[in-house]
Amino acid sequence: YEGYKDLEFIHFEKTLEISGVQFLERLITSIRDKKVLKIYYHPYYEDKPYFIDVHPYILGEYKFRWYLIGLNAFKNQIRTYALDRMRDVREAEDIPYIERRFKADEYFKHSIGIISPEGEPPLIKAAIQKTQAQYLISQPWHASQNIVEETDEEIVFSFRAHPTYEFKSLLLGLGKDALVLEPPSLREDIQKELAEMVNRYGTSGA
């Protein structure tokens, strides 16, 4: 679409520049050359940043944000690191690179978004009001999406996917037009989220 971006009668979605993109070139080079990275990282849930050694495998992009997926050898786990939470990136000298069989399509097969939990995903079923369901039909949330049942009022969809934060956000974004049927654990999570939301609105009014 590059050739059409100057046309005034087409409006493209835009976003402000996200911090961390200045590290892209260094990350790409490290992945290509198989070099371990020492990243000064500041997660949202921590008070201050800290250093971590990461064996980089791939870069991913989701909703205009960039992420690095690699091995955290200390935890012996594949982890996802947001570039906008990186404060400094440098090569970790004298640390041998650990190469693992890693295929992005397999890693993200059961996920929506950039996080892929370990283990087998549950079968999720959700009843969506008929009008809203058309959006899911025209633009599926996940490759495993199927229609299980249809009535005059709603369509029941199934997903073989992890109930990540991104998935829950999509469900909550439909408000009263979505009802989680299975699994019970996800129903409870959504119920808890809604109860906390109602409680907050009930106690912080004008």
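Colleague: What is the relative accessible area of Leu194?
Modeller: This is a predicted model, in which local features need pLDDT of at least 70 and side-chain atom pairs count only at pLDDT 80 or more, while totals for chains, interfaces and linings use all residues. Residues are numbered from 1 along each chain as its sequence is written, and side-chain values use heavy atoms, with hydrogens and water left out. Leu194 lies in helix 5; helices (H or I, at least four residues) and strands (E, at least two) are DSSP runs, numbered from the N terminus. Leu194 is partly exposed, a class between buried (under 20% relative accessible area) and exposed (over 50%), with a 1.4 Å probe and protein chains only, and its value is 42%.

Colleague: Which residues make the nonpolar surface patch of about 350 Å²?
Modeller: Patches are made of residues with over 30% relative accessible area and no salt bridge; like charges are joined within 9 Å, and nonpolar side chains (Val, Leu, Ile, Met, Phe, Trp, Tyr) within 5 Å. Areas come from the Shrake-Rupley method with a 1.4 Å probe, and for residues only the protein chains shown count as cover. The nonpolar patch is made by Leu194, Met197 and Tyr201.

Colleague: How far apart in space are Glu193 and Leu172, C-alpha to C-alpha?
Modeller: Glu193 lies in helix 5, which covers residues 184–203, and Glu193 is partly exposed at 41% relative accessibility. In sequence Glu193 and Leu172 are 21 residues apart, and in space the distance is 8.9 Å.

Colleague: Which residue does a cis peptide bond join to Glu182?
Modeller: The bond has an omega of about -5°.

Colleague: Which residues gather in the patch of negative charge on the surface?
Modeller: Asp and Glu count as negative and Lys and Arg as positive, with His and the chain ends not counted. The place of a charge is taken as NZ of Lys, CZ of Arg, CG of Asp or CD of Glu. One member, Glu153, is found in the loop between strand 7 (146–150) and strand 8 (154–160) and is exposed at 54% relative accessible area. The patch consists of Glu149, Asp152, Glu153 and Glu154.

Colleague: How many salt bridges does a search of the whole structure find?
Modeller: Side chains of opposite charge can pair when their charged atoms come close. A salt bridge here is a side-chain nitrogen of Lys or Arg within 4 Å of a carboxyl oxygen of Asp or Glu. Among them are Asp33 with Arg32, at 3.1 Å between the closest N and O atoms, and Arg90 with Asp88, at 2.4 Å. The search of the whole structure finds nine.

Colleague: How many residues apart in sequence are the parts that Lys38 and Asp53 tie together?
Modeller: The side chains of Lys38 and Asp53 meet in a salt bridge of 2.9 Å, N to O. Lys38 lies in strand 1 (residues 37–41) and Asp53 in strand 2 (residues 50–62), so the pair ties together parts whose separation in sequence, in residues, is 15.

Colleague: Does Tyr41 count as buried or exposed, and what is its relative accessibility?
Modeller: Tyr41 is placed in strand 1. Leaving aside neighbours within four places in sequence, Tyr41 has contacts that include Pro49, Ile52, Tyr81 and Met86, contact meaning heavy atoms within 4.5 Å. Tyr41 counts as buried, with a relative accessibility of 8%.

Colleague: What is the phi of Asp94?
Modeller: Asp94 lies in the loop between strand 5 (86–91) and helix 2 (104–107) and counts as exposed at 78% relative accessibility. Its phi is positive, in a residue other than glycine. Phe64, in the loop between strand 2 and strand 3 (65–72), likewise has a positive phi, near 70°. The phi of Asp94 is near 65°.

Colleague: What percentage of the 206 residues in the protein do buried residues make up?
Modeller: The protein has five helices and nine strands, and its C-alpha trace spans about 65 × 45 × 45 Å along its principal axes. Of the 206 residues, the buried ones make up 34%.
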